[in-house]
Amino acid sequence: RAMGHELDSDVTPLEAGLDFAVAWERDFIGREALLRRRDAGANSRVATILLDDTRAVPLGNEPVYAGGRIVGKTTSAGFGYRIGRPLALAHLDAAIGEGDPVEVDIARRMWAGHATLKPAFDPAGARMRRMQGA
């Protein structure tokens with residue numbers, strides 16, 4: 001998450017997925033407002049979109065669709081060499097959950113993918129093992 005892309009003065013730690021780093025038990029400026037926001041539930045969140053087609057070239061600021069309607073926009077994007085596919089960070093409606101299908105509009109062409117709130121990596125190293133055997 002980068003300042004000016006996924007983070008800015010309008011994005012709280014709740015929307016950025018950084019609420020684990022908030023010292024909730026301590027007093028700080030804005031604590032009461034952040035607690036109210038947490039109790040009300042965030043209406044958006046930062047998520048990773050893993051695109052299915054390796055030919056997709058997301059750049060950032062593309063609209064993201066689910067069910068035929070815009071549910072967010074990409075912020076940062078690139079090719080994930082460790083996972084072998086393009087990916088993007090995006091601000092998405094909070095209703096979009098883990099594994100939900102989405103489409104990214106890149107230059108008026110829709111590219112399928114899915115949202116994840118988890119890190120995008122290959123914990124078993126399966127992709128690397130396949131490449132070594134090739």
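Two strands pair if DSSP finds at least two bridges between them. Helices (H or I, at least four residues) and strands (E, at least two) are themselves DSSP runs, numbered from the N terminus. With that in hand, G78 has L87 in β4 as its bridge partner.

Some housekeeping. What you see is a predicted model, in which local features need pLDDT of at least 70 and side-chain atom pairs count only at pLDDT 80 or more, while totals for chains, interfaces and linings use all residues. Residues are numbered from 1 along each chain as its sequence is written, and side-chain values use heavy atoms, with hydrogens and water left out.

The overall layout, then. The chain has three helices and six strands, in the order α-α-β-β-β-β-β-β-α from the N terminus. Of its 134 residues, 35% are buried; buried means under 20% relative accessible area, exposed over 50%, and partly exposed in between, with a 1.4 Å probe and protein chains only. The accessible surface comes to about 8,400 Å², and carbon and sulfur atoms hold 54% of that. Those areas come from the Shrake-Rupley method with a 1.4 Å probe, and for residues only the protein chains shown count as cover.

Now contacts, meaning heavy atoms within 4.5 Å. Among contacts with a separation of 6 or more, 56% are between residues 24 or more positions apart.

Next, the strands. β2 and β3 (residues 69-80) are antiparallel and share four bridges, with Y65 standing opposite I70 in β3. They form a hairpin with two residues between them, and G67 in the turn has a positive phi of about 60°. β3 and β4 are also antiparallel, joined by eight bridges. Their hairpin has four residues between the strands, and there G84 has a positive phi of about 75°.

On to β5 and β6, which run antiparallel with six bridges. Two residues separate them in a hairpin, where A107 in the turn has a positive phi of about 55°. β6 is also joined to β1, antiparallel, by four bridges. Which residue in β6 is the bridge partner of L50? That is H114, and H114 is the bridge partner of P101 as well.

The largest one has 15 residues, and I49, V64, L92 and I96 touch the most other members. At least two residues of this core come from each of β1 (44-51), β2 (63-66), β4 (85-93), β5 (101-106) and β6 (109-116). A second, separate core has five residues, including L14, V22, W24 and L34. Back in the first, I49 touches, beyond four places in sequence, residues including V64, L92, V104 and H114.

P13 sits in helix α1 (residues 13-16). Is P13 buried, partly exposed or exposed? It is partly exposed, because its relative accessible area is 28%. Leaving out residues up to four places away in sequence, P13 touches L18, D19, V22 and L34. P13 and L34 are 21 residues apart in sequence and 8.6 Å apart in space, C-alpha to C-alpha.

Last, charges over rings, which require NZ of Lys or CZ of Arg within 6 Å of the ring centre and within 35 degrees of the ring normal. R38 lies over the face of W24 at 4.4 Å from the ring centre, and R109 over that of W111 at 4.1 Å.

Notes
A nonpolar core is a set of buried Ala, Val, Leu, Ile, Met, Phe, Trp, Tyr and Cys residues joined through side-chain atoms within 4.5 Å.
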